[in-house]
Amino acid sequence: MPVWPCASSAWPRPWREAVSEPDPDGDSALLWQGPLWRAGGVPSPTAVPGWPQEVDAAAEDFAAGAGPLPCAVVIDLTAYLPDAGLARIGARIAGLAGEVPVVVLCAGDSPLAGLPRAHAIVEAAIPPDALFRMLCALQRAILRAEEARIRRIVFGRLPDYGSAPHHQGTSGLLVVGLGRRFADLDDARRRNVEIVGAFTADMAETYLSQRAFDAAILDTSADEAAYLIERILRDPRFARLPILAFCDAWDDIAGLFRAGANDVFHGAMTRETLAGRLAAAIRLGKRRRLADRLLAESRIWLLRKAAAGGISQSLYDAYLARARQAVVARGLDLAEMRLTTEAVEAASLAGDLAGTILSIADATSREEDLVCAVEGRGPVAVFKNEQAGHRLRARIDAILGRTAL
């Protein structure tokens, strides 16, 4: 048994009973609204604040194109779902105007053949509050991936802008613990995925900082897994890393999900089910890792362009056109904020104050929010919704009000 820096007896509160808290991404609300498409009799957790209205999208008489884009699709394989219903919801997902999170709830022996492509395949015992948090995080992951793709198309490849070590490397899976199930994971993993083993938390953090991983699997006790999840997610470099955990006791499942696990493996599992759940997690992690790298590289490039006067108006307009087209299907719209005229009074600007405001906006916004300077216009910020602009403006005003410039 590896020795962990924090013993379970020193845990600040019973992690199994801890209430759900905002996840490391800060996603505690749906980014776009709409009904929750369900299939297989997913229960309605009315006690979860913000839970959307549910509709049975597998029903034969469901009119898929009659309403707004769903906020997510949840398919429960532990409830009765005929093959015809599964085929119907798969066809309806394929016909959507935009990508939405697809989450499959399953047991250890659930057959996964014939499923639509899912963003997550997880244990059906996930508590409703953790499932809601997962849907929120998946919405943001989709928007981040779209933003990265748009920047690559509009701005082109950005050589020599430097990826951090934790963004580099081939597809990888980090296994933390004694490796009791290492052989099963090696058999079930996707091809071309390198497996790296770490015996301790310190080794795990060292490996995570040296190269990119698509997911981490914790082959430890539940207490140790909960501690390690918290330790990994506390580091902003790894906050979006999918973390999977094994657990022996049924009562530990909910606590591990609430601690931040993306999936919890419990009990006997077929080789097919383990491989499918692992492949879904690796696929999500790879997509997130690529988005992180592209957004980080474009951020450095945009800041350097700002120091040289900014990007051209034509390039900025091309970005706005593509970004608006991507979000409109979800009922969202871009919110543009000219930092020098809306965040502060223009008359107060002097010298390089505009550059200071741009730096503040860059430091306080999310990576998928475009913060840049445009030739002839100065610093601007573009958000996927108006509320994000209000939050950034409040942060800038608060910092300027407390800082001697």
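**Aromatic rings and charges over them**

Q: What lies over the face of F213?
A: R211 does, at 4.8 Å from the ring centre. Keep in mind that this is a predicted model.

Q: And what sits over the ring of W32?
A: The charged end of R330, 4.6 Å from the centre of that ring.

Q: Switching to ring pairs: how many aromatic pairs does the structure hold?
A: Five aromatic pairs. One of them is W37 with F62.

Q: Why is the pair of W37 and F62 edge-to-face?
A: The ring planes are at 85 degrees, so the pair counts as edge-to-face, the cut-off being over 60. The ring centres are 5.2 Å apart.

Q: Where do W37 and F62 lie?
A: W37 is in strand β1, residues 36–39, and F62 is in the loop between β2 (54–56) and β3 (72–76). The pair therefore ties together parts that are 25 residues apart in sequence.

Q: W37, buried or exposed?
A: Buried, because its relative accessibility is 2%, and buried means under 20%.

Q: What about F155 and W301, how is that pair arranged?
A: The pair is tilted, with 40 degrees between the planes and 5.1 Å centre to centre.

Q: Which helices do F155 and W301 lie in?
A: F155 lies in helix α2 (residues 128–155), while W301 belongs to helix α7 (residues 271–307). Parts 146 residues apart in sequence are therefore tied together by this pair.

Q: Are those two residues buried or exposed?
A: Both F155 and W301 are buried.

Q: Which residues form a cluster through ring pairs?
A: F155, W301 and Y319 are linked into a cluster that way.

Notes:
Residues numbered from 1 in each chain as written. Predicted model: local features only at pLDDT ≥ 70, side-chain atom pairs only at ≥ 80, totals over all residues. Heavy atoms only, no water. Phe/Tyr/Trp six-rings, centres within 6.5 Å; stacked < 30°, edge-to-face > 60°. Helix = DSSP H or I, 4+ residues; strand = E, 2+ residues; numbered from the N terminus. Buried < 20%, exposed > 50% of the residue type's maximum accessible area, 1.4 Å probe, protein only. Lys NZ or Arg CZ within 6 Å of the ring centre and 35° of its normal.
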